[in-house]
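Hi,

Here is the structure I said I would pass on. Have a look first, and my notes follow below.

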Amino acid sequence: MIGFALDAASAFTGAYTRRWGNRCGRWVTVILGNLLGVPLWVVGLGLAVRTPSPPLFAALRPIETLGWTLIGLGCVLQIAALLSLRLKAAAPSAEDTLVDTGIYSRIRHPIYAGIFLEFTALMLIKPILTVAVASTVGIIWAALQARLEELDLLRRIPAYRCYVDRVPRFIPRTGRKASG
């Protein structure tokens with residue numbers, strides 16, 4: 001929970017840069033999210049996987065295979081997003097510009113969409129109560145984190161408001177590509 005909270009606190013790049021300047025604000029964001037938040041929630045998830053807990057359903061090969069497939073899809077989404085964002089992903093800045101090309105022309109939050117797939121996959125691969133609870137909290141955190149980041153992006157990047165209107169948050173529209 002502490003990792004999720006620290007990572008959520010990293011979503012306020014605009015506020016940090018207004019208070020302490022662009023360089024310091026960027027470092028606060030990096031430290032809260034990348035150096036503290038993400039590693040702590042990964043450790044927490046690892047502990048949930050390793051903690052003895054009652055099974056929720058039988059771990060069958062087809063379900064496990066589906067889980068690994070979802071992890072692969074989640075990774076593909078995240079890699080595509082990171083390639084589009086480059087440094088902006090790890091160290092957001094008040095000087096950032098809108099990225100609305102590549103995967104970002106289809107969905108606004110491909111990193112979180114990938115995380116949703118991966119948390120769901122973990123529940124299929126390791127169907128025990130502790131993993132289900134940790135994954136559910138993780139999914140709720142990712143949805144909240146995306147919303148917090150959107151509030152920050154709306155303040156930092158004026159073009160983001162139009163982007164929100166034309167590109168869906170997590171699930172791409174079928175049949176037609178978003179303009180932009």
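**What turned up**

Let's start with Q145, which sits in helix α7, residues 129–156 (helices are DSSP runs of H or I, at least four residues, numbered from the N terminus). Before going on, note that this is a predicted model: local features need pLDDT of at least 70 and side-chain atom pairs count only at pLDDT 80 or more, while totals for chains, interfaces and linings use all residues. Residues are numbered from 1 along each chain as its sequence is written, and side-chain values use heavy atoms, with hydrogens and water left out.

Is Q145 buried or exposed? Q145 is buried, because its relative accessible area is 0% (buried means under 20%, exposed over 50%, partly exposed in between, with a 1.4 Å probe and protein chains only). Setting aside residues up to four places away in sequence, Q145 touches D7, A8, S10, A11 and Y112 (contact means heavy atoms within 4.5 Å).

Y112 also belongs to the largest nonpolar core, twelve residues that include F4, W41, F119, W141 and A146 (a core is a set of buried Ala, Val, Leu, Ile, Met, Phe, Trp, Tyr and Cys residues joined through side-chain atoms within 4.5 Å). Helices α3, α6 (110–125) and α7 each give this core at least two residues. Apart from it lies another core, of nine residues, among them A81, V99, Y104 and V167.

Next, helix α4. Its 25 residues reach 36 Å from first C-alpha to last, close to the 36 Å expected at 1.5 Å a residue (the expected span is 1.5 Å times one less than the number of residues). Among the buried residues of α4 are G67, L70, G74, L77 and A81, and the buried residues of this helix pack against α5 (87–90) and α6. Just after α4, R86 takes a positive phi of about 50°.

One last thing to look at is L40, in helix α3. L40 counts as partly exposed because its relative accessibility is 40%.

Cheers
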